[in-house]
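Take a look at the model below.

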Amino acid sequence: MTSEPSGLYPAPYRLVRPAFKAGPFLCASPHSGRYYPDDFKRASRLDELLLRRSEDFHVDELFQLAPDFGAPLLMAHYPRAYVDLNRAENELDPLLIRDPLPQSSAMISERVAAGLGTLARVVAIGMPIYHEPLSLAEAKARIARIHTPYHQALDALLSAAHKHHGWSVLLDCHSMPSKPLRAGESDQHGFDADIVLGDCHGASCDPRLINRAEDILHDLGYRVARNDPYAGGYCTQHHGRPDEGRHALQIPLAAPASSMPSRADKAFGHKNRIGFHFWVAGACHDTRKNRAGSNTLSGASNAGAIRPVQCG
């Protein structure tokens, strides 16, 4: 965990661009931020270790070589417990915000009901974060300072890729428990997969992209599932518009059973880093091979050939 002098707030994200012309892929890690503001720690009833239970440990490090393959890497600076970038800006929790909420936040999603809205009420293990409720002004300030610019950056990067190549792909990178459970199931019946590819049940990504991803990962020895139990959150839903040639795929990686950073986590990271770099490299190579006469990934409005792209 990192901190800063009281009253100072760093940038909402860190962006690493390729040294050469970028391809159509963008890797983003919205839940690996670990910059905890001092005022947030003072407002929390939890210690630093418990606050970190919601982090996607090391996911930004797993993809740190993505720019070497032509994929920009966008990494959240702040933790999910402070502002969740994989939520819509209006997913506010009436049990956390003491003031009346705007009409746009009147619909309570399942995520908000669980205490995991844009500003989380609990950490991932269900423990309450705050000593007392927050003001609506504080919620709006965090969203304006962190959530809005992060998604503006995502949209700008994807728009630039789309403009140059005719299509773009967001790889929304996460971690997950090594055995996430379906609702109502006990531990011994836990879902067992190394990676879950989420395309919002076909709504956020062309099927050829997720098929190719699954093929490459299977060939690398990974156990791959689709959309169960993670089909995609706000980032995938909002930025994935395949009819416009803008594709998004959520990628949760199974973390070790330990819930805090450790040497085991680092070993897990090394294995997955190798596998995913092979995948990104393979996907970029596939796009180079496409020529006139192939079906397009650029959306219904640009039917025709896939344009040749440079991915590294």
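The text starts with the rings and then turns to the cavity.

This is a predicted model, so to speak of local features pLDDT must be at least 70, and side-chain atom pairs count only at pLDDT 80 or more, while totals for chains, interfaces and linings use all residues. Residues are numbered from 1 along each chain as its sequence is written, and side-chain values use heavy atoms, with hydrogens and water left out.

The structure holds six aromatic pairs. Rings of Phe, Tyr and Trp (its six-membered ring) pair if their centres lie within 6.5 Å; planes under 30 degrees apart are stacked, over 60 edge-to-face, and the rest tilted. Tyr35 and Tyr78 make a tilted pair, 6.3 Å centre to centre with 55° between the planes. Tyr35 sits in the loop between strand 2 (25-29) and helix 1 (38-43), and Tyr78 in the loop between strand 3 (73-76) and helix 4 (110-113), so the pair ties together parts 43 residues apart in sequence. Helices (H or I, at least four residues) and strands (E, at least two) are DSSP runs, numbered from the N terminus.

Tyr78 is buried at 1%. Buried means under 20% relative accessible area, exposed over 50%, partly exposed in between (1.4 Å probe, protein chains only). Ring pairs also link Tyr35, Tyr36, Phe40, Tyr78, Tyr82 and Tyr130 into a cluster.

The lining of the largest cavity includes Ser54, Arg80 and Asp84. A cavity is a set of points on a 1 Å grid over the protein atoms alone where a 1.4 Å probe fits but cannot get out; lining residues have an atom within 4 Å of a point.

Terms used:
1 Å grid on protein atoms, 1.4 Å probe; cavity = no way out; pocket = protein on both sides within 12 Å on 5 of 7 lines; lining within 4 Å.
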